Amino acid sequence: MDTEKDIGVEIELNTVLQHPLRRRVRRLLSAKQLYECLRPLFCVTYLYGLTSFYISCQDASGQRDIKKSWFAYFNGIVHIVLYSVCYILTINNNCESVASYFFRSRITYFGDLMQIVSGFIGVTVIYLTAIIPKHRLEQCLQKFHTMDVQLHSVGIKIMYSKVLRYSYAVMISMFVVNFGFSWGTFGVLYSSDVTPTLALHFTFMIQHTVIAMAIAMFSCFTYLVEMRLVMVNKVLKNLAHQWDTRSIKAVQKQRSLQCLDSFSMYTIVTKDPVEIIQESMEIHQLICEAAATANKYFTYQLLTIISIAFLIIVFDAYYVLETLLGKSKRESKFKTVEFVTFFSCQMILYLIAIISIVEGSNRAIKKSEKTGGIVHSLLNKTKSPEVRDKLQQFSMQLMHLKINFTAAGLFNIDRTLYFTISGALTTYLIILLQFTSNSPSNESGNGFDCCEAYHNMTNRTI
């Protein structure tokens, strides 16, 4: 009997101890406001100096709001200065890079120099374009808040916890992939008695981390756009479904409660269809304005990331193909398997970066394209002149307001970018492989040092 009582007491104690832990986990994974669901994302970007504000709790009521801080500007400047100093040290150290420890030739020297310069310019551009036009990011958040209020008036309760969990998933996956790649890379170097400098450690880690955080921010904002487009489409589909089952007068009089989707809880339709369509038009306009503002904020960051990724993919693919085809006679401490694995993993890492950007943008664009079909299906079903006029007005709005993401206006960020990158990649690889096969010094894997050759040429001319 005593043992049974002791067991019962232990079970009660365990349940009591588990309840606070469960509550904390639920608090971390649940959100009731827009700013609350984005708080972890902006907390990380604030620490890295990518945003000049963070999400704070105003009062005991739990309301979240944006709070600006001068520390963020100082933090961003410190990151840029440290990054610049470390890049200068790597260039002075015979253009030191991780790739140079695996392979050294004329083309690899040029590729390493291009990656160092592009990496420095890229990270600097990401920091400057993230901090200076901060007002666009604030305007975008304000537009999202306004449209959420209007969605609530239509009867939609937004599940912000979905956004919070999505941001957690994106950030954790980005950090896990980057940490695994960095740990594996430096582990291979140290296992072969190669000791990179601290400057190389810092530049290698911060470049991948900053790019990952910029992609995470863009993915979360495209998810917010996609989420609200799905809500508008569901409201219109719900209206069309009710028209299929009853007359418009019955819809005006009767109260309908139907579940929407995983993004929202319920829609309560008690208004006139004209009012519902009008509010849907206003929400759609706000979504398009928010997407356009987000595109202005991220446009140069996306151009920089895609350019760096394309450059690294080209040279990594060249290194791998040259080794597998047996065109290079390289002398290295590393085995062919380690060599191919490193460059293949780095190439896959930046392919994931491009895919994350393109797919996030493409999902939002595809959801926006579905709105037009739903509106025209409503046009075919309605018999009310007022509703028909309002739907025609909505159709005209859809023609003039479209969601589109571009990289500084140079190219669209959608799935057509895959074909463009594939064609350009094939062209440059053929050029590089032909350059290698036609090079008079085809034994370029003997540790040729282009810096020493440059100094010798200058000494001879002097």
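The following questions and answers concern a predicted model.

Visitor: What distance separates the end C-alpha atoms of helix α8?
Guide: Helix α8 covers residues 160-191 and has 32 residues. At 1.5 Å a residue the helix should span 46 Å, and the model agrees, so the distance between its end C-alpha atoms is 46 Å.

Visitor: Which residue takes a positive phi just after α8?
Guide: The phi in question is about 60°. Its place is just after α8, and the residue is Asp193.

Visitor: Is Gly155 buried or exposed?
Guide: Gly155 lies in the loop between α7 (134-154) and α8. Its C-alpha is 9.4 Å from that of Val235, although the two residues are 80 apart in sequence. The relative accessible area of Gly155 is 18%, and the limit for burial is under 20%, so Gly155 is buried.

Visitor: How many residues apart in sequence are the parts that Arg228 and Asp148 tie together?
Guide: The side chains of Arg228 and Asp148 meet in a salt bridge, at 2.8 Å from N to O. Arg228 lies in helix α9 (residues 198-245) and Asp148 in helix α7, so the pair ties together parts whose separation in sequence is 80 residues.

Visitor: Are Arg228 and Asp148 buried or exposed?
Guide: Arg228 has a relative accessibility of 0%, and Asp148 has a relative accessible area of 6%. Because burial means under 20%, Arg228 counts as buried, and Asp148 is likewise buried.

Visitor: Which residue forms a salt bridge with Glu226?
Guide: Glu226, at 8% relative accessibility, counts as buried. The closest N and O atoms of the pair are 3.5 Å apart, and the partner is Arg363. Glu226 lies in helix α9 and its partner in helix α12 (residues 336-381), so parts 137 residues apart in sequence are tied together by Arg363.

Visitor: Where does Arg415, the salt-bridge partner of Glu359, lie?
Guide: The side chains of Glu359 and Arg415 meet at 2.9 Å, N to O. Glu359 lies in helix α12, so the pair ties together parts 56 residues apart in sequence, with Arg415 in the loop between α13 (385-400) and α14 (416-438).

Note on methods. Residues are numbered from 1 along each chain as its sequence is written. This is a predicted model: local features need pLDDT of at least 70, side-chain atom pairs count only at pLDDT 80 or more; totals for chains, interfaces and linings use all residues. Side-chain values use heavy atoms; hydrogens and water are left out. Helices (H or I, at least four residues) and strands (E, at least two) are DSSP runs, numbered from the N terminus. The expected span of a helix is 1.5 Å times one less than its number of residues. Buried means under 20% relative accessible area, exposed over 50%, partly exposed in between (1.4 Å probe, protein chains only). A salt bridge is a side-chain nitrogen of Lys or Arg within 4 Å of a carboxyl oxygen of Asp or Glu.
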